[in-house]
Amino acid sequence: MADADTPDDVAASIVEMQALLLGTETIEDFLAELAGLAVATVSEGLSCGITLQPNGRPLTVASTDALAAQVDEVQYGLDQGPCLHALRTGTLVSIRDLASDERWTGYAATALLHGIRSSLSLPLSSGSVTIGAFNLYSRVAGSFGPAATSRAERFAQNASGALSIAVRLADHVALTDQLRTSLASRAVIDQAIGVLMGQRRITAGEAFAILRTTSQNRNIKLRALAAQIVAGAGAQPPQAPPFDPPR
């Protein structure tokens, strides 16, 4: 997409968002399509992750590819990064070049290893409450100039309204079932981090780094690896807490 912000571009994204609300059967499908629409609206070649915080815990509920989900997860494990800052403060976070940005050095080092050079994180709100964030990642420094940022901000405003409607329209029981697996994954990862911290006397960040590296080297999903560690310690994987969707 050319780096020009036109009313037609924004209007088109609004129409597509309305079509998503009417045309998708589940909130999971809606979120997945919404992530793809964000990239199509802002600029081609980006990765997008959408973060919500059921029960106050950040969780990537949709992404355009594995890269966005992985970089989001790095921030959750370290409890720092632009996505979490946008989520917690309700403000936009733009990183022109991660190689020179000094705000979240622990996160930056790992994100650079994933090939990320610039990013844009924007809050998603329901009324005065921030219910999530959408995160755009690029392998190229300086990808988010004024025009791209303006498109992203307008998209986030429209997406906030669409997301609020989608959550309200979704059946409470169906929504719980769809997100319970993701919540259980996050819970068992947290438990595995605790096991490693106790066994090796290390920090939560170091424990998460071990989990992530081992997962990549063994080509096993992070949740499956975490469950093995928890089982090896003689503990039972935690049950997912009930999900209370934002209102």
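## Starting at S138

Let us begin with S138, which sits in strand β5, a stretch covering residues 129-138. Helices (H or I, at least four residues) and strands (E, at least two) are DSSP runs, numbered from the N terminus. This is a predicted model, in which local features need pLDDT of at least 70 and side-chain atom pairs count only at pLDDT 80 or more, while totals for chains, interfaces and linings use all residues. Residues are numbered from 1 along each chain as its sequence is written, and side-chain values use heavy atoms, with hydrogens and water left out.

Is S138 buried or exposed? S138 counts as buried because its relative accessibility is 4%; buried means under 20% relative accessible area, exposed over 50%, and partly exposed in between (1.4 Å probe, protein chains only). The side chains of S138 and S143 make a polar contact at 2.6 Å. Such a contact is a pair of N or O atoms within 3.5 Å; within protein, one must be able to donate a hydrogen and the other to accept it, and residues adjacent in sequence count only if both atoms are side-chain atoms. Leaving aside residues up to four places away in sequence, S138 touches L46, G115, I116, R117, S118, S143 and F144, where contact means heavy atoms within 4.5 Å.

## Q75 in its helix

Next comes Q75, found in helix α3 (residues 66-78). Q75 is buried, because its relative accessible area is 0%. A polar atom of the Q75 side chain lies 2.8 Å from the backbone nitrogen of C83. C83 is also among the residues that Q75 touches, along with Q80, G81, P82, L84, Y107 and Y137, not counting residues up to four places away in sequence.

## I95 in its strand

I95 belongs to strand β3, which spans residues 93-95. With a relative accessibility of 1%, I95 counts as buried. Beyond residues up to four places away in sequence, I95 touches P82, D101, R103, W104, S118 and S119. Where is G142 relative to I95? The two are 47 residues apart in sequence, and their C-alpha atoms are 8.0 Å apart in space.

## The whole protein

Stepping back, the protein has nine helices and five strands. Along the sequence they follow the pattern α-α-β-β-α-α-β-α-β-β-α-α-α-α.

Of the 247 residues in the protein, 47% are buried. Among contacts between residues at least 6 apart in sequence, 61% join residues at least 24 apart.
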